[in-house]
Amino acid sequence: PPRPSAPPALPKADGVDQPVTPGFPTVVLDDTGRPTVTIPSEAPPADLKLAVLKLGSGAVVAAGDDVTVHYEGINWNTGVIFDESWARGEPATFNTAQVIAGFTAALVGQTVGSQVIVIIPPGQGYGAAGSPPDIGGTDTLVFVVDILGIG
């Protein structure tokens with residue numbers, strides 16, 4: 001039988017606000033759900049760190065799924081936003097197997113409707129080569145991600 005079609009993607013994460021995790025960047029959302037992220041002044045953690053900002057009640061993201069998300073990527077070391085879907089005005093869809101390891105780790109196992117923040121060390125980001133011009137080989141990345149849909 002044909003696979004049932006996935007429900008339409010959400011306009012923004014609609015999950016339940018979760019307690020703030022100490023040591024993470026501060027996230028403030030505007031009316032559209034677009035985040036403003038403030039990076040702490042201390043050095044970034046050496047290991048990948050993940051926190052759920054809003055806990056959604058939708059389907060669970062599995063490895064290999066096509067996921068529709070809104071995201072913002074910030075360089076912890078420079079504070080520069082290097083990529084974001086909110087600025088383009090539409091979410092992005094990609095497969096969890098086709099992004100950097102730290103981004104995959106932020107998605108798989110989370111639920112639709114959730115918003116997560118992930119701190120990605122260079123080894124799970126772009127590695128020693130970085131991603132010029134905005135990401136150096138030793139830069140830690142921060143992503144805020146709204147998980148809007150699967151399929």
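Modeller: Phe 143 touches Tyr 71, Glu 72, Gly 73, Phe 82, Ile 100, Phe 103, Val 116, Ile 117, Val 118 and Ile 120, leaving out residues up to four places away in sequence. Contact here means heavy atoms within 4.5 Å. This is a predicted model, so local features need pLDDT of at least 70 and side-chain atom pairs count only at pLDDT 80 or more, while totals for chains, interfaces and linings use all residues. Residues are numbered from 1 along each chain as its sequence is written, and side-chain values use heavy atoms, with hydrogens and water left out.

Phe 143 sits in strand 9. Helices (H or I, at least four residues) and strands (E, at least two) are DSSP runs, numbered from the N terminus. Phe 143 counts as buried because its relative accessibility is 4%. The scale is this: buried is under 20% relative accessible area, exposed is over 50%, and partly exposed lies in between, with a 1.4 Å probe and protein chains only. Strand 9 is largely enclosed by the rest of the structure, because 10 of its 10 residues are buried.

Now the core. A nonpolar core is a set of buried Ala, Val, Leu, Ile, Met, Phe, Trp, Tyr and Cys residues joined through side-chain atoms within 4.5 Å. The largest one has 21 residues, and Phe 143 is among those with the most contacts inside it, along with Phe 103, Leu 107 and Val 145. At least two residues of this core come from each of strand 5 (66-75), strand 7 (92-95), helix 1 (101-107), strand 8 (115-120) and strand 9 (141-150). Strand 9 gives the largest share, 5 residues. Another core lies apart from this one; it has 10 residues, including Phe 24, Val 37, Ile 39 and Val 142.

Next, the strand pairing. Two strands pair if DSSP finds at least two bridges between them. Strand 9 pairs with strand 5 in the antiparallel sense, over 9 bridges. Here Tyr 71 stands opposite Val 145. Strand 9 also runs antiparallel to strand 8, joined by 6 bridges. In that pair, Val 118 stands opposite Phe 143, and Ile 119 stands opposite Val 142.

Look at strand 8 itself. In a regular strand the side chains alternate between the two faces of the sheet. On strand 8, both faces are covered. One side carries Gln 115, Ile 117 and Ile 119, the other Val 116, Val 118 and Ile 120, and all of these are buried. Strand 8 also pairs with strand 4, antiparallel, over 5 bridges. Lys 54 has Gln 115 of strand 8 as its bridge partner.

Strand 8 leads on to the open space. On a 1 Å grid over the protein atoms alone, a cavity is a set of points where a 1.4 Å probe fits but cannot get out. A pocket is an open set with protein on both sides within 12 Å along at least five of seven lines, and lining residues have an atom within 4 Å of a point. Grid points are joined across faces, edges and corners, and a volume is the space filled by probe spheres set on the points. The largest pocket holds about 250 Å³. It is lined by 15 residues, and the closest to its centre are Gln 18, Val 20, Thr 26, Val 27 and Leu 53. Strand 2 (26-29), strand 4 (49-55) and strand 8 each give two or more residues to this lining. By class, the lining has 9 nonpolar, 4 polar and 2 charged residues. Ala, Val, Leu, Ile, Met, Phe, Trp, Tyr, Cys and Pro count as nonpolar, Asp, Glu, Lys and Arg as charged, and the others, Gly among them, as polar.

There is a cavity too. The search of the whole structure finds 1 of 30 Å³ or more. The largest cavity holds about 40 Å³. Its lining includes Pro 121, Tyr 126, Ile 135, Asp 139 and Leu 141. That lining splits into 5 nonpolar, 4 polar and 1 charged residues.

Most peptide bonds are trans. The bond joining Pro 132 and Pro 133 is cis, with omega about 5°.
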